[in-house]
Amino acid sequence: MNRRNFIRKTGATTAGIGLASVFPATSLAKRVTPSDTINVALIGCRNMGFGILQHHLSNPGVNCVAMCDIDNSVLNERAAEVRNKFSHSPKLYKDFRQLLEQKDIDAVIIGTPDHWHCLITVYALQAGKDVYVEKPMANTIAECNIMVKAAEYYSKRIVQIGQQQRSGFIFRKAMELIKEDKIGKLRKVNIWANFEYGVGQKIVPDEPVPSGVDFDMWLGPAPSRSFNRTRFHGSWRMFWDYGGGLASDWGVHLLDMGLWAKDISTPPEKVLVYGANTYHEPRSRETFDTMSVIYPKDDFVINYEVTAGIQKGPYDMSYGLEFIGDNATIVTDRTKMMVYPEWDNQAKKPRADEFSYTEGKDSHGEHVKNFLDCIRSRNKPACPPETGRAAALHLHIPNIAARTGAHLLTWDEANNRFNDNTEANDLITPVYRQPWSLPKY
Ligand SMILES: NC(=O)c1ccc[n+]([C@@H]2O[C@H](COP(=O)([O-])OP(=O)(O)OC[C@H]3O[C@@H](n4cnc5c(N)ncnc54)[C@H](O)[C@@H]3O)[C@@H](O)[C@H]2O)c1
């Protein structure tokens with residue numbers, strides 16, 4: 001095989017840092033059979049990644065063989081927990097590229113901030129691993145597109161996006177009621193997310209990088225800057241280089257449900273957007289604390305309301321969804337759902353059955369089980385990349401509208417660009433900091 005064919009077959013140099021030498025073809029993971037132990041590795045250990053790892057390890061036949069974090073204290077503490085709770089002895093890494101060379105790893109969990117998701121997913125696919133990558137699947141439109149294409153290219157690999165509501169009973173039940181026409185024609189989906197943390201932290205000065213932290217590796221492809229703890233662990237979400245603010249942090253989960261109700265797997269054609277900072281004091285944040293977004297669809301509409309700095313909302317729920325049909329409205333969050341029937345004045349009876357349910361199971365655990373099942377069966381997981389992309393673009397597009405001051409943006413899916421808006425088009429693709437480069441698929 002000549003070099004060009006080799007590259008085409010393996011995709012090995014497409015990520016731009018000489019991966020051909022990092023991942024020789026022989027490093028591809030073994031095929032997992034139903035009786036095999038599944039060896040998993042975690043990249044990004046502090047919070048959600050570790051929760052997801054624990055869900056994996058709570059299943060029989062799953063072994064943690066490697067963990068990686070750029071922060072020594074996070075890595076050592078989480079590794080000690082794995083040893084104590086599960087009696088596994090993972091190898092520890094600070095550089096995920098070295099972890100991906102470990103041959104016995106079947107699947108990696110990516111629990112890093114969003115700006116790393118695309119690169120690490122692509123490298124993991126190139127190294128022959130299955131991937132569970134947290135939501136939003138990536139921090140920009142171009143990175144979402146690349147991940148979808150890379151997953152298509154490595155079509156034998158399983159890629160699950162961490163939109164776990166796809167696996168929870170509550171939302172599956174809501175979808176069943178909607179699709180079985182129990183609430184009549186679905187006309188409107190109202191979604192809200194009000195969370196205190198969305199205003200960001202109190203402003204503090206930059207400071208030296210804490211010892212044991214490889215901050216350059218935390219920044220990765222994002223622009224270089226000095227260290228500030230309000231843009232680091234947990235609170236990075238409020239800065240465009242790493243995340244999309246409260247709007248996207250919760251929005252991908254919630255919009256995903258609005259899209260699922262009508263089985264929509266494409267980005268919005270049009271958004272009408274108000275995005276601003278209306279909180280009473282300045283905080284360490286670039287993203288918006290207040291957003292109202294209208295997504296007009298063919299025969300219904302989705303409305304999304306975001307208010308950071310508060311925790312109250314409709315039905316006394318800080319976040320939730322209302323699916324409004326002709327015959328009834330379903331109100332739901334992750335723990336409960338209620339059906340409120342309309343009253344039929346002529347027949348003198350309700351137009352639908354009342355129904356309410358409170359969730360017992362954690363949907364994260366169910367989503368992980370689905371991933372493990374798919375690793376064994378090689379079936380398509382509950383939230384494949386194209387589903388993750390549709391949800392992520394429903395938030396990236398309004399954020400871009402608000403950032404560029406456009407109250408109306410229209411998206412040209414065939415050409416992967418905005419219509420008539422150069423400033424918005426400039427925000428589709430991130431500029432990666434050397435030596436990292438955007439994978440090409
Ligand atoms: N599905 C959900 O319900 C849910 C909930 C919370 C967070 N999340 C998602 O999980 C991801 C992580 O969020 P979090 O709250 O755990 O963030 P976090 O900041 O608490 O943890 C991220 C960890 O990744 C590490 N990290 C950063 N760059 C790294 C690199 N190059 N290599 C190895 N480790 C690296 C950090 O040191 C840190 O330990 C985000 O994408 C977030 O949106 C999902």
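Let's start at Thr 329, which sits in strand β12 (residues 328-332). Keep in mind that this is a predicted model.

- Thr 329 is buried, because its relative accessible area is 11% and the cut-off for buried is under 20%.
- Setting aside neighbours within four places in sequence, Thr 329 is in contact with Glu 322, Phe 323, Ile 324, Met 338, Val 339 and Tyr 340.
- What about the rest of the strand? Five of the five residues in β12 are buried, so β12 is mostly covered.
- Ala 328, Ile 330 and Thr 332 point one way from β12, while Thr 329 and Val 331 point the other way.

**Who pairs with β12**

- On one side, β12 pairs with β11 in the antiparallel sense over four bridges.
- Within that pairing, Thr 329 of β12 has Ile 324 standing opposite.
- β11 and β12 make a hairpin, with two residues between them.
- β12 also runs antiparallel to strand β13 (residues 336-341), and five bridges join the two.
- In that pairing, Ala 328 stands opposite Pro 341 of β13.
- Here too there is a hairpin, and β12 gets to β13 through three residues.

**The whole sheet**

- These strands belong to an open sheet of ten strands with mixed pairing, in the order β16-β13-β12-β11-β7-β10-β9-β8-β17-β18.
- Which strands stand at the edges? They are β16 (355-358) and β18 (417-418); each has a single partner strand, so one side of each is left without a neighbour in the sheet.
- Further along the order, strand β7 (residues 186-195) pairs with strand β11 (residues 319-325) in the antiparallel sense, over seven bridges.
- Ile 191 stands opposite Leu 321 in β11.
- Asn 190 is found in β7, and Asn 190 is buried with a relative accessible area of 19%.
- Not counting residues up to four places away in sequence, Asn 190 touches Asn 303, Gly 320, Leu 321, Glu 322 and Ile 324.
- For a sense of distance, Asn 190 and Asp 69 are 38 Å apart in space, C-alpha to C-alpha, and 121 residues apart in sequence.

**Nonpolar cores**

- In soluble globular proteins, nonpolar side chains tend to be buried together.
- The largest nonpolar core here has 113 residues, and the members that touch the most others are Phe 96, Leu 99, Val 108, Tyr 304 and Phe 323.
- Another core, of 25 residues, lies apart from that one and includes Leu 42, Ile 52, Val 82 and Phe 371.
- Leaving out residues up to four places away in sequence, the contacts of Tyr 304 include Ile 191, Leu 246, Trp 250, Met 291, Tyr 295 and Leu 395.

**Aromatic rings**

- The count of aromatic pairs comes to 23.
- One aromatic cluster is formed by Phe 215, Trp 218, Phe 227, Phe 232 and Tyr 242.
- Two rings have a charge over them: the charged end of Arg 231 sits over Phe 239, 4.4 Å from the ring centre, and that of Lys 262 sits over Phe 300, 5.0 Å from the ring centre.

**Salt bridges**

- Across the whole structure, a search finds 26 salt bridges.
- Arg 231 turns up again here, in a salt bridge with Glu 286 (3.9 Å, N to O).
- What does that pair tie together? Glu 286 lies in the loop between β8 (270-276) and β9 (290-296), and Arg 231 in the loop between α9 (215-219) and α10 (245-260), so the pair links parts that are 55 residues apart in sequence.
- Glu 286 is partly exposed at 32% relative accessible area, whereas Arg 231 is buried at 9%.
- Asp 289 and Arg 285 form a salt bridge with their closest N and O atoms 2.9 Å apart; Asp 289 is buried at 0%, and Arg 285 counts as buried at 15%.
- Lys 312 and Asp 316 meet in a salt bridge at 3.2 Å, N to O, where Lys 312 is exposed at 57% relative accessibility and Asp 316 is exposed at 58%.

Note on methods. Residues numbered from 1 in each chain as written. Predicted model: local features only at pLDDT ≥ 70, side-chain atom pairs only at ≥ 80, totals over all residues. Heavy atoms only, no water. Core = buried A, V, L, I, M, F, W, Y, C linked by side-chain atoms within 4.5 Å. Buried < 20%, exposed > 50% of the residue type's maximum accessible area, 1.4 Å probe, protein only. Contact = heavy atoms within 4.5 Å. Phe/Tyr/Trp six-rings, centres within 6.5 Å; stacked < 30°, edge-to-face > 60°. Lys NZ or Arg CZ within 6 Å of the ring centre and 35° of its normal. Salt bridge = Lys/Arg side-chain N within 4 Å of Asp/Glu carboxyl O. Pairing = 2+ DSSP bridges.
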